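This briefing goes through selected features of one structure, grouped by topic. Please have the sequence and coordinates open while reading.

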Amino acid sequence: MALLFRGARVVDPRVGLDEVCDVVVRDGLIAEIGKDLSIPKGTTIECAEKVLVPGLVDVHVHLREPGREDKETIRSGTRAAAHGGFTAVCAMPNTSPVTDTGSKARFIVERAAAEGLVRVHPIGACTVGSQGQALAEIGDMLAEGAVAFSDDGHGVQTSGMMRLVMDYAKQFDTTIISHCEDESLVGKGVVNEGVVSTRLGLPGWPSAGEETQVARDIRLAELTGCRLHLAHLSTAGSVAMVRAAKAKGLRVTCEVTPHHLFLTEDDITEDYDTNFKMNPPLRSTEDREALVEALTDGTIDCIATDHAPHAPHEKALEFELAPFGTTGLETALSLVITNLVAKELLSWGDVVGLMAHGPRDSLGLPPVTLEVGQVADLTVIDPEARVEVNESFFESKSVNSAFLGATLLGKASEVLVGGRFALRHGKVVDA
Ligand SMILES: [Zn+2]
């Protein structure tokens with residue numbers, strides 16, 4: 001069956017496209033792009049005032065399956081992804097058990113094929129159980145569909161082990177994703193170390209706890225020649241190091257989260273709302289401004305959510321005991337539109353760069369472009385839609401969002417994955 005997306009602003013900077021035109025999808029592929037197209041039979045999707053872009057991908061998502069299906073499953077997490085405009089997500093390995101063997105990676109791939117509304121690419125652990133003691137079976141996991149490797153949640157604590165990981169990964173030309181957190185510096189830190197941690201009486205998580213490992217891992221990427229992707233950077237110092245590494249021509253990419261772009265430590269008030277407890281923590285205004293600058297000057301390759309669903313009874317604990325993290329899949333695009341596109345800090349082409357091409361390039365995923373013959377993974381965005389972020393808004397099983405109560409501008413209305421709707425008229429389509 002054919003689909004005709006009529007009258008959208010079609011944007012894909014990779015192929016030099018930014019114009020109002022029509023897109024025809026047939027048999028899961030983009031069949032035609034042009035003006036005044038028609039189809040003999042099929043479905044027409046009126047896209048006036050909407051923006052049609054290559055499918056968005058989130059390279060940093062915690063789907064919680066296996067092990068914590070009360071928080072999220074591959075089913076519910078991919079529903080949330082579709083609701084947020086994503087056609088693909090990369091699943092971090094810190095599940096229970098940790099994704100550290102080929103068969104565990106295959107479980108994710110098979111489960112996603114059976115239950116997922118969008119594509120799911122597993123990320124494997126660097127070390128067995130992400131414990132930092134022994135190399136995991138990187139080759140086996142690659143053969144079963146893993147796309148990159150990370151001990152996200154802990155980070156690889158010793159330089160010697162990180163060197164081994166990178167030497168090994170280099171042989172497969174795969175990407176190591178670094179969660180930069182020196183636990184000997186961070187200790188029990190829960191908020192940015194500084195005035196706010198003092199005022200709130202909470203243990204501080206210093207910028208240096210991140211930056212020392214950013215420096216280390218960039219140096220080790222240089223030594224080993226391994227592709228390095230730095231997760232959820234949060235400080236001015238971190239992005240300055242990435243800028244310098246790129247100027248040197250190193251194979252280093254990085255991501256930043258919406259919560260670090262749009263919130264600061266000053267959003268944590270005396271009510272100690274644990275939805276603002278993140279790892280790394282919300283930082284200073286100066287850090288936030290440096291991240292936005294790095295986003296607009298090309299230092300940052302992608303926006304990734306670090307979607308971290310948690311059960312209400314866990315987030316209801318006191319601040320020091322509650323788990324780290326906010327959900328993110330369903331608010332990321334709206335936050336970017338509200339805070340960056342509507343304020344003319346980013347163009348639609350920039351958004352495609354940061355949420356579609358940059359993420360895929362960072363992890364070496366196959367590109368998705370708006371060209372005839374390409375797989376029809378695409379997202380249609382209604383830039384004028386109003387989004388009330390409340391508990392009933394979410395498709396995720398969890399509602400621990402730092403943006404609860406916000407009113408945002410712009411939302412995905414259609415998501416097409418391989419020519420099949422995962423989202424239609426803004427609503428998730430059950431396959
Ligand atoms: Zn992490």
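Contact between two residues means that heavy atoms lie within 4.5 Å. The structure is a predicted model. In this model, Ile74, Arg75 and Thr78 of helix H1 are in contact with Ile108, Arg111, Ala112 and Glu115 of helix H2. The points below take up this helix pair, then the open sheet, the hairpins and the salt bridges.

**Helix pair H1 and H2**

- Two packed helices are described by the angle between their axes and the distance between the axes.
- For H1 (residues 74-83) and H2 (residues 102-115), the angle is about 65° and the axes are 9 Å apart.
- H1 and H2 cross in the right-handed sense.
- Sorted by class, the residues in the contact of H1 with H2 are 3 nonpolar, 1 polar and 3 charged.

**The open sheet**

- Eight strands make up an open sheet with parallel pairing, in the order S6-S7-S8-S9-S10-S13-S14-S15.
- The edges of this sheet are strand S6 (56-61) and strand S15 (302-303), each of which pairs on one side only.
- Within the sheet, strand S13 (residues 227-230) and strand S14 (residues 252-256) are joined in the parallel sense by 3 bridges.
- Leu230 has Cys254 of S14 opposite.

- Strands of a sheet pair through backbone hydrogen bonds, either parallel or antiparallel.
- Strand S1 (residues 2-12) and strand S2 (residues 17-26) are antiparallel and share 9 bridges.
- Phe5 lies opposite Val23 of S2.
- The hairpin of S1 and S2 has 4 residues between the strands, and Gly16 in its turn has a positive phi of about 70°.
- S2 also pairs with strand S3 (residues 29-34), in the antiparallel sense and through 5 bridges.
- Val23, which faces Phe5, stands opposite Ile33 in S3 as well.
- In the hairpin of S2 and S3, 2 residues lie between the strands, and Asp27 in the turn has a positive phi of about 55°.

- Strand S17 (residues 407-417) runs antiparallel to strand S18 (residues 420-424), with 3 bridges between them.
- Leu416 is placed opposite Phe421 of S18.
- There are 2 residues between S17 and S18 in their hairpin, where Gly418 has a positive phi near 55°.
- S18 pairs in turn with strand S19 (residues 427-428), antiparallel and over 2 bridges.
- The bridge partner of Arg424 in S19 is Lys427.
- The hairpin of S18 and S19 likewise has 2 residues between the strands, and His425 takes a positive phi near 50° there.

**Salt bridges**

- How many salt bridges does the count come to? The count comes to 24 salt bridges.
- Arg219 and Glu222 form one of them, with the closest N and O atoms 3.6 Å apart.
- Both Arg219 and Glu222 belong to helix H7 (residues 207-224), where they are 3 residues apart, about one turn of the helix.
- Asp297 and Arg243 form a salt bridge through their side chains, at 3.0 Å from N to O.
- Asp297 is in the loop between helix H10 (285-296) and S15, while Arg243 is in helix H8 (residues 236-247), so this pair ties together parts that are 54 residues apart in sequence.
- Salt bridges with shared partners link Arg68, Asp70, Lys71 and Glu314 into one network.
- In that network, the side chains of Arg68 and Asp70 form a salt bridge of 2.8 Å, N to O.
- Asp70 is partly exposed at 41% relative accessibility, and Arg68 is partly exposed at 28%.

Technical notes
Residues are numbered from 1 along each chain as its sequence is written. This is a predicted model: local features need pLDDT of at least 70, side-chain atom pairs count only at pLDDT 80 or more; totals for chains, interfaces and linings use all residues. Side-chain values use heavy atoms; hydrogens and water are left out. Two strands pair if DSSP finds at least two bridges between them. Axes are lines fitted to C-alpha atoms, for helices over the stretch in contact, and angles run from 0 to 180 degrees between N-to-C directions. A crossing is left-handed if the near helix is turned anticlockwise from the far one by less than a right angle, and right-handed if clockwise. Ala, Val, Leu, Ile, Met, Phe, Trp, Tyr, Cys and Pro count as nonpolar, Asp, Glu, Lys and Arg as charged, and the others, Gly among them, as polar. A salt bridge is a side-chain nitrogen of Lys or Arg within 4 Å of a carboxyl oxygen of Asp or Glu. Buried means under 20% relative accessible area, exposed over 50%, partly exposed in between (1.4 Å probe, protein chains only).
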